[in-house]
Amino acid sequence: MNAAFFPKAASTVAGQTDHLYFALLGFSVLMLALIFVPMVFFLYRYRRGAKADRTPLRLPTTYIEITWTVIPIFIAFAFFAGGATVFFNEEVAPADAMEMNVVGKQWMWKIQHPEGNREINELHLPVNRAVKLTMGSEDVIHSFYVPAFRIKQDVIPGRFTTEWFQPTQVGTYHFYCSEYCGVNHSKMDGNVIVMTAADYQDWLAHGRTSETLAQSGEALFRTLGCSGCHAPTATVHAPPMEGLYENKVPLSDGTFVRADDKYLRDSILIPSAQIVAGYTSAMPAYAGHIREEELLQLIAYIKSVAKEIPPHLP
Amino acid sequence: MPEQNQIVAQQREAATLGMWAFLATEVLFFGGLFVSYTVYRHFYFADFAAASRHTDVTFGTINSIILLTSSFTMALAVRAAKMASQRLVSRHLLLTIFLGIFFLVIKGFEYHKDIVDHLIPGPHFNAEIPLHGQIFFYLYWIMTGLHGVHIIIGLAIMSILLGLNARRTASLKNSQAIELAGLYWHFVDIVWLYLYPLLYLVGRHA
Amino acid sequence: MNPNPVNYLNTDYTIKSWLLTTDHKRIGILYLCSILIFFAIAVYAAALMRLELLTPAGDLVLSDTYNKLFTIHGVLMVWFFLIPSIPSVLGNFLVPLMIGARDVAFPKLNLLSWYLFMVGGFFTLHAVILGGVDTGWTFYTPYSSTYSNTHVIEMALGIFIAGFGSILTGLNFLITIQKMRTPGLTWFRLPLFIWSMYATSIILVLATPVLAITLLLMGIERIWGIGIFNPKLGGDPVLFQHLFWFYSHPAVYIMILPGMGVISEIIPCFSRKKIFGYKFVACSSVAIAVIGFLVWGHHMFVSSQSIYAGITFSLLSFLVSIPSAIKVFNWTATLYRGSISFEAPMLYATGFIGLFVIGGLTGLFLATLAVDVHVHGTYFVVAHFHYIMVGGMVTAFMGGIHYWWPKITGRLYPEKWGQFSAIILFVGFNLTFFPQFILGYLGMPRRVHDYAPEFQIYNVISTAGATILGLGYLLPIIYLTWSLKNGKRADANPWSATGLEWKTASPPPEHNFAKPPVVTEDAYNYPPLGKAKEAGDA
């Protein structure tokens with residue numbers, strides 16, 4: 001059984017969150033003492049019938065009020081700053097984080113590793129490596145929550161959200177869906193299995209599927225007909241995917257957009273919304289014809305060719 | 001009886017303030033829609049522009065003029081009530097009601113045209129309009145629909161006042177009621193004055 | 001004097017005279033009876049949930065039944081018990097009495113509020129009878145608008161209609177307090193309960209319409225099949241949360257400000273002392289109402305709103321805690337050099353301070369961004385808001401009901417039973433909800449029908465506490481009902497309290513005062529207490 005009062009701390013931010021928590025706990029105990037010790041004392045000392053000096057005192061009320069208004073404000077600022085700093089750290093993933101794709105659907109979590117391995121309601125990870133989850137939802141809002149990592153992020157249909165953490169201890173930790181999502185919400189949970197780097201490689205090799213995530217994406221790129229226009233060899237004029245990811249794209253309305261996950265997602269689903277300068281709106285909308293998982297695979301493929309040189313610049 | 005007069009004065013003030021407070025809730029009620037409109041217009045600027053070109057600016061403009069005129073006749077009715085002219089109150093109220101009905105009739109024609117043009121969001125939505133234009137029209141229907149409900153409520157209130165006015169020999173007593181109905185009616189007009197540019201004008205030439 | 005003077009209760013006994021009454025006092029009683037029915041149903045749902053959670057496995061009810069239970073519990077408690085509890089029951093009864101008015105500004109509108117409330121309640125209960133709703137009281141899209149197969153529309157309609165009742169109540173109080181105060185009753189002579197009701201009314205009037213439009217949009221989306229919260233159309237489900245919490249966070253203050261008002265009445269009375277820092281307590285109510293409108297985003301720190309929005313909302317959430325802290329300090333300071341007696345209302349009031357302080361301090365945990373990321377959506381949040389809403393508001397409601405019971409009914413409640421129940425409530429409450437803080441930090445998500453075995457011990461304690469808490473609710477219902485016939489008759493001012501409501505008979509006559517009272521002194525002007533000697537009743 002786990003520790004009775006506090007959960008295991010198994011990520012880099014878990015310790016920071018716990019520090020804040022203990023600081024708040026200490027402050028709370030102090031405040032409780034500051035309020036209840038005088039209160040109980042007054043209640044006893046000035047109970048009706050007891051002998052006590054009750055002559056009204058002329059107290060500098062305004063100064064007292066200002067004191068107990070201003071001091072809490074400063075203390076509040078301190079906690080705010082602490083919380084915001086750790087939060088900022090939790091929200092911005094390091095550049096070298098290992099990327100995983102997570103899809104939530106009623107009522108399971110589907111996970112795919114960059115190497116192509118797939119899992120359901122289990123997440124195998126190497127210890128001491130930063131991991132960034134890119135998450136999508138097939139239906140309603142879910143939330144990916146790993147208490148031992150002190151981390152949580154809602155998974156919203158219609159967009160990607162991300163969450164990162166770095167496990168620090170080998171072990172098995174529960175994860176949950178923490179946003180109510182329907183009948184079997186409470187069953188939408190699983191385990192994060194943190195392994196040593198060697199074990200993780202072993203696990204990957206053992207369960208390796210025939211293709212990596214990017215390779216699945218490439219296959220989809222062909223079967224969905226994307227390559228018919230977007231491939232370098234295609235005769236139809238469409239923007240190339242090579243060297244696209246994270247670069248600036250000129251649009252037909254004269255503005256520029258960065259080709260990040262959101263842009264790629266939007267452009268696959270509703271291409272007509274943002275037309276690349278120099279091209280016509282010829283691509284069909286894939287909204288409703290493609291699953292979240294497939295989207296993530298396609299984007300993984302586009303990411304994999306980010307370093308390649310485009311065949312011709314528009 | 002000074003005390004009695006004081007109570008009457010207090011009640012009058014209370015009623016006016018109450019109406020203003022009620023209008024404040026109305027602002028917040030429509031506010032939710034305006035916020036949604038703003039958010040999505042920001043998200044899907046081009047689609048909103050494209051969609052707004054499909055609203056009928058002629059109907060919209062005629063209706064704006066009608067409503068503005070009805071605000072004027074309503075103001076005249078309030079003034080007539082203050083002058084205690086029962087005849088003028090009836091005349092201006094009737095005129096306002098007529099203009100309100102006229103507004104609804106035109107809106108009805110416009111809705112009919114919108115339906116014929118497949119401007120109802122859903123599977124049969126007008127194919128010329130990009131996908132997110134549906135959000136524009138979804139808001140269009142709800143905003144104009146709720147506004148129409150407010151117009152109907154206003155017409156009902158004015159009809160009741162008209163009946164009361166006809167039965168009373170002196171219209172002095174309900175002058176405040178007419179004043180409050182006037183406040184409400186002006187508010188409904190003002191909402192339209194925001195809807196008109198947002199739904200008909202903005203993005204028309206973008 | 002006539003042994004049975006005409007009062008608002010005995011002036012007419014017909015049912016019609018109750019159903020068509022425009023007397024604010026009778027309307028208060030109508031609310032009291034109706035919210036007790038909703039409360040009982042919601043408590044029943046809670047009891048079933050607590051029983052289910054005794055064991056980790058989902059063995060008592062099916063998971064979709066469980067989901068319907070927490071939905072009905074939340075909806076009824078929030079909209080049909082807590083929001084109308086102190087405002088509509090005690091507020092209706094007391095606001096005109098405390099300001100020396102004959103009635104509220106718009107008595108007919110006041111009756112209409114109750115009817116709207118009841119029609120709303122009817123639709124809500126109808127939805128339950130049809131088979132219930134499983135969205136949770138927050139109705140998050142797209143689950144509520146697209147995926148749920150339950151009777152969402154009926155329930156949303158019920159809340160929508162009841163919402164207009166709330167708006168009219170708030171509007172009525174706002175105008176009544178603004179315009180109907182008796183001569184001499186200036187703003188800074190008003191009882192603090194009136195200040196808190198004024199602040200509450202501002203929220204009712206300005207926040208509730210946003211809930212109405214949000215539920216309307218959600219409902220239309222459900223009927224129409226598409227809508228602006230639907231991701232398939234490019235809609236943003238998180239916009240729903242913004243709109244919903246723009247109402248629902250201020251609504252949380254509807255569920256605590258009136259309680260604070262009641263406590264501010266009880267503490268001076270049982271300390272025989274003017275409240276410490278009157279103006280600060282009064283203005284802090286308004287400050288809470290105003291800042292309360294700017295903190296809604298703290299419900300959405302992990303919902304993918306921007307980091308900077310999160311940081312701003314966190315800062316504002318810390319700020320909103322300050323006025324609450326000011327109140328607590330002032331209540332404590334009021335006790336200093338008072339002459340304190342411990343009748344049931346005072347026990348409830350001290351219990352309130354204890355529970356509210358814990359609720360408030362744990363609110364700081366939730367305002368701290370990184371900690372919230374961990375405990376958001378867990379039992380920590382459940383425990384926190386129950387400390388505020390039940391530990392705070394319901395305790396204050398019980399305190400207020402006991403305090404004004406003689407005024408409302410003309411009878412005294414049995415004091416020993418009152419004191420006993422107040423203690424039972426405090427113990428039962430802590431036993432029920434304190435373990436949930438620990439559960440939350442351990443990571444138990446809320447709204448789950450089954451859970452990991454390591455959480456069981458705290459759930460068992462919580463369920464055990466709930467039975468004691470239940471007793472704390474049941475006892476007052478029994479002895480208060482008993483006192484209606486058998487309680488000792490109360491005179492006009494059994495607590496020797498200040499305040500205009502005590503200047504008229506118990507129960508008050510139909511129009512409260514024979515002639516408008518004139519106020520010449522500050523609130524809580526208790527006679528000065530003596531030096532070093534026994535200082536009993538003045």
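This briefing walks through a few features of the structure above, chain by chain and then across chains.

What we have is a predicted model, where local features need pLDDT of at least 70, side-chain atom pairs count only at pLDDT 80 or more, and totals for chains, interfaces and linings use all residues. Residues are numbered from 1 along each chain as its sequence is written, while chains are lettered from A and ligands numbered from 1 in the order in which they are written. Helices (H or I, at least four residues) and strands (E, at least two) are DSSP runs, numbered from the N terminus.

**Chain C overall**

- Chain C has 16 helices and zero strands.
- Its C-alpha atoms fill a box of roughly 70 × 50 × 45 Å along the principal axes.
- For 538 residues, a compact globule would have a radius of gyration near 24 Å, and the 23 Å of chain C agrees with that. The radius is taken over C-alpha atoms, and the globule rule is 2.2 Å times the number of residues to the power 0.38.
- Of the 538 residues in chain C, 67% are buried. Buried means that 20 or more other C-beta atoms, placed from the backbone, lie within 10 Å of the residue's own.
- Among contacts in chain C with a separation of 6 or more, 84% link residues 24 or more positions apart. Two residues count as in contact if their C-beta atoms, placed from the backbone, lie within 7 Å.

- Phe70(C) sits in helix H3 (residues 63-98) of chain C.
- Phe70(C) is buried because 22 other C-beta atoms lie within 10 Å.
- Skipping neighbours within four places in sequence, Phe70(C) is in contact with Met49(C), Gly136(C) and Arg447(C).
- Leu48(C) is 22 residues away from Phe70(C) in sequence, and the two C-alpha atoms are 9.6 Å apart.

**Chain B**

- The C-alpha atoms of chain B fill a box of roughly 70 × 30 × 25 Å along the principal axes.
- Buried residues are 39% of the 206 in chain B.
- For contacts in chain B with a separation of 6 or more, residues 24 or more positions apart account for 80%.

**The largest nonpolar core**

- This core has 312 residues, and Leu139(B), Ala42(C), Ile194(C) and Met393(C) touch the most other members. H3(C) gives the largest share, 21 residues.
- A nonpolar core here is a set of buried Ala, Val, Leu, Ile, Met, Phe, Trp, Tyr and Cys residues joined through C-beta atoms within 7 Å.
- Leaving out neighbours within four places in sequence, Leu139(B) is in contact with Leu33(B), Ser36(B), Tyr37(B) and, over in chain C, Ile228(C).

**Strand E1 of chain A**

- E1(A) covers residues 98-105, and six of its eight residues are buried.
- E1(A) runs parallel to strand E5 (residues 131-137) of chain A, with seven bridges joining them; strands pair if DSSP finds at least two bridges between them. Met100(A) has Leu133(A) as its bridge partner in E5(A).
- E1(A) also pairs with strand E2 (residues 108-112) of chain A, antiparallel and over five bridges. The two form a hairpin with two residues between them, and Asn101(A) stands opposite Gln112(A) in E2(A).

**Where chain A meets chain C**

- Here 72 residues of chain A are in contact with 71 residues of chain C.
- On the chain A side, H2(A) supplies the largest share, 17 residues.

Definitions and conventions
Buried ≥ 20, exposed ≤ 12 C-beta atoms within 10 Å, placed from the backbone.
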